Amino acid sequence: MSKRRIKKVAILGSGIMGSRIACHFANIGVQVLLLDIVPKEPNEKEKAKDLTLEHKAVRNRIVNDSLQTALKSNPSPIYRKSSSKLIETGNFDDDLNRISECDWVMEVIIERLDIKQGLFEKVEKFRKPGTLITSNTSGIPIHLMNDGRSDDFKKHFCGTHFFNPPRYLKLLEIIPGPDTDSEVIDFLMDYGKRFLGKTTVLCKDTPAFIANRVGVFSIMWMFHYVKENGLSIDEVDKLTGPLIGRPKSATFRTADVVGLDTLVHVSNGLKDNVPNDERKELFQIPSYIEHMLKNNMLGSKTKEGFFKKVKGDDGKSEILSLNLETLEYGPREKVKIPSLEMAKAEENLGKRVKMLFNASDKAGSFYRAHFLSLMAYVSHRVPEISDEVYRLDDALKAGFGYEMGPFETWDAIGFEEGINALKKDGIAYAAWIDTMLEKGAKSFYRIHDGKRQFWNQAQNAYADISGQDGLVNLQVSKSKGVLWQNAGTTITDLGDGILNVEFHTKMNTIGGEVLAGLNKAIDMAEADYEGLVVYNEGGNFSAGANVGLIFMMAAEQEMDELDFAVRQFQQTMMRMRYSSIPVVAAPHNLTLGGGCELCLHADKVVAHAELYMGLVEFGVGVIPGGGGTKEFTLRLADELRDGDIRSNQFRHRLMTIAQAKVATSAYEAFELGYLREGIDEVVFNRDLQLTVAKKAALTLAEKGYTQPKQREDVQVLGNEGLGLVYVGAETMASGNYMSEHDRLISEKLGWVMCGGDLSYPQDVSEKYLLDLERRAFLELCATRKTLERLQSMVKSGKVLRN
């Protein structure tokens, strides 16, 4: 493995992409030098201050404004505010010489070959030999950009194409030039994956590379199909969203977000540069798109595109959609198609896709046309844009948010079924597909000897997918056999004495089945294994406890049943903490309420960087009742100091729960106290998370894990703290900053965290605090206002989140 180290990077260009790439490098702790051009002249504000073009603030205005715009954007490009201090700004005229301090120089300027070449000529004067030099181009041929450069430049030059927004979209395309050293490519593929958290995809130097070549083809196919077949925008977005494993923005909303002009730019580039593409006619812009371009209907950036937000006479906002026949906006259409309603009941995406592909209604016709067109198209792109089918799937999943790539979709429909359907519809596919069939292949992917394999068309045989060595893959582990499962959980052997328990309820909410699964996993691990990991591959780790079940029991005033359910939750969390084997939680994305409480009770948390964690129960009128309030009180006790520091710490912990604060990254979760410095850790790449979590469980076991004793030394503040709570709640309520019911919840929360009605600070046990927590939870569930909030939450189907 390369010994190359990246301590500082230079980002040349501070536009939307450059500033956000800079932020993402700062996210992982790398120093960044962000440069851009010098303005032509001072602006009016600068002139009013008598600033000239010689003043540093004027010369760096463009780069500074761009960075501040990025830092203020929502969603944030940065994990925590303090990381922005790692970004230093400057300009090309005064500071380009400083790239000699950097280990990696990345160009992120306008997509014009001549301007890029001009910048590279200047870069070569200051660049340190051996330094990585890359371009974030989205389609300009790599071999043209380094024309005229030195051998050392060419050897260390390639394309590194990030997708926007760089923090959130996982794809990083690596495009070698004709002279790029293999060590450089190997390093960037590994660095992008391990450090930047990316799905790194090796691409050939072909127009638009992989993701945009296939993704834009798919969108352009939609643009033509919708008009030719009389479908509405609302129908297509309903058909091409989460139901088939695509983002909520589906097709036309995605076009609005990306910008119609951007899509057309890529499409025109493909039309002009892929003369041998068998579907090149689809890159021709339809007439209604031409109309939209002429009328500046570009999407979100111009406030109107395929959709437009307006305010009605009542002052309420309404989103209108474009009628492609009249090219006028009208109310959105409610789409009701029988097969879509039936498919919603199927949780498994692969089975759902196959069901929709075979549907006999309007939706089925659309899906067959769409999937067959895409399947045939990607078959022809191998080996043109990639030699390996999995790279196409990886690129579409990481760059366009697909849950299944095109070849994975083909496998879900059925390999032979797909071929037969293509033949029936007279759609030509690549010849190597028939070779697969002749060789007896049944799918593009398989699991063999504990590894994922793909069909390698160059070898006419299955081959291992690269990069698997040393990685723990849940699907591979499950292929060896499931140890135990119920309706909500599955227990799998990860090897080396470590078990995994995963949730698979809706939104991975925690109810009776999940609690039973957690207890069973601990029983099994304590009997025959060394440790336990709690990890799943759902879209979210857990949206919390089953609110619908809580509401039903509270509404019927079945308080004994509710008391039993809460007690069971608390006891399960305490087993997580006080079992005889180490328990490691590996959360990602939404980790709310009960999901957060589970993590609070794990011996260690291996969190994905994209973590939205919080105790949000206050929002439905209760306090955390699964041990969360107790655990925050315990952690507070371990932090307590005398005087003002003690009251400040108490206030911080109390307000985190009372304001239902949700961390917007794993790093923010440390700041809010959900994660523990020195114990819990962060992983940037979700694909590596299970591997790290398993190693953490093994390490704890190998060190000699001993079952801990329940705490009886939790110091609480008693009436000293309650006074602060009651005064604060009174002030907030009298100032109309909170309702009377919120005041009640705050006082109940404070009562638990202070240890109840105690006359002075003293030590109490965890069991004592859990009893208080449960009592307060049940009392709040009995109030009318809490019942109304619970009912509203259940009816809306909303997840508890800040």
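1. Where is Ile-37 found? In this predicted model, Ile-37 sits in the loop that joins β2 (31-36) to α2 (44-48). Its relative accessibility is 45%, so Ile-37 counts as partly exposed. For that class the value must lie between the buried limit of 20% and the exposed limit of 50%.

2. Next, the surroundings of this residue. Setting aside neighbours within four places in sequence, Ile-37 is in contact with Arg-59, Ile-62, Asn-91 and Phe-92.

3. Now the chain as a whole. The protein chain holds 34 helices and 25 strands. Its C-alpha trace spans about 80 × 75 × 65 Å along the principal axes. The radius of gyration is 28 Å, and a compact globule of 802 residues would have one near 28 Å, so the two agree.

4. Of the 802 residues, 56% count as buried. Among contacts with a separation of 6 or more, 69% come from residues 24 or more positions apart.

5. Two helix pairs deserve a look. Two packed helices are described by the angle between their axes and the distance between the axes. Take α10 (residues 211-228) and α18 (residues 389-400) to begin. Their axes come within 9 Å and cross at roughly 70°. The range for roughly perpendicular is 65 to 115 degrees, and α10 and α18 are therefore roughly perpendicular to each other. Their crossing is right-handed.

6. Which residues of α10 and α18 meet? From α10 come Ala-211, Asn-212, Val-214, Gly-215, Val-216 and Ile-219. From α18 come Leu-392, Ala-395, Leu-396 and Phe-400. The residues of this contact divide into eight nonpolar, two polar and no charged.

7. The other pair is α13 (residues 260-273) with α14 (residues 287-294). These helices pack at an angle of about 130°, and their axes are 10 Å apart. That angle makes α13 oblique to α14. The crossing of α13 and α14 is left-handed.

8. What does the contact of α13 with α14 consist of? Leu-260, Asp-261 and Val-264 in α13 meet Ile-289, Met-292 and Leu-293 in α14. The residues here divide into five nonpolar, no polar and one charged.

Terms used
Residues are numbered from 1 along each chain as its sequence is written. This is a predicted model: local features need pLDDT of at least 70, side-chain atom pairs count only at pLDDT 80 or more; totals for chains, interfaces and linings use all residues. Side-chain values use heavy atoms; hydrogens and water are left out. Axes are lines fitted to C-alpha atoms, for helices over the stretch in contact, and angles run from 0 to 180 degrees between N-to-C directions. Helices (H or I, at least four residues) and strands (E, at least two) are DSSP runs, numbered from the N terminus. Angles under 35 degrees count as roughly parallel, over 145 as roughly antiparallel, 65 to 115 as roughly perpendicular and the rest as oblique. A crossing is left-handed if the near helix is turned anticlockwise from the far one by less than a right angle, and right-handed if clockwise. Contact means heavy atoms within 4.5 Å. Ala, Val, Leu, Ile, Met, Phe, Trp, Tyr, Cys and Pro count as nonpolar, Asp, Glu, Lys and Arg as charged, and the others, Gly among them, as polar. The radius of gyration is taken over C-alpha atoms; the globule rule is 2.2 Å times the number of residues to the power 0.38. Buried means under 20% relative accessible area, exposed over 50%, partly exposed in between (1.4 Å probe, protein chains only).
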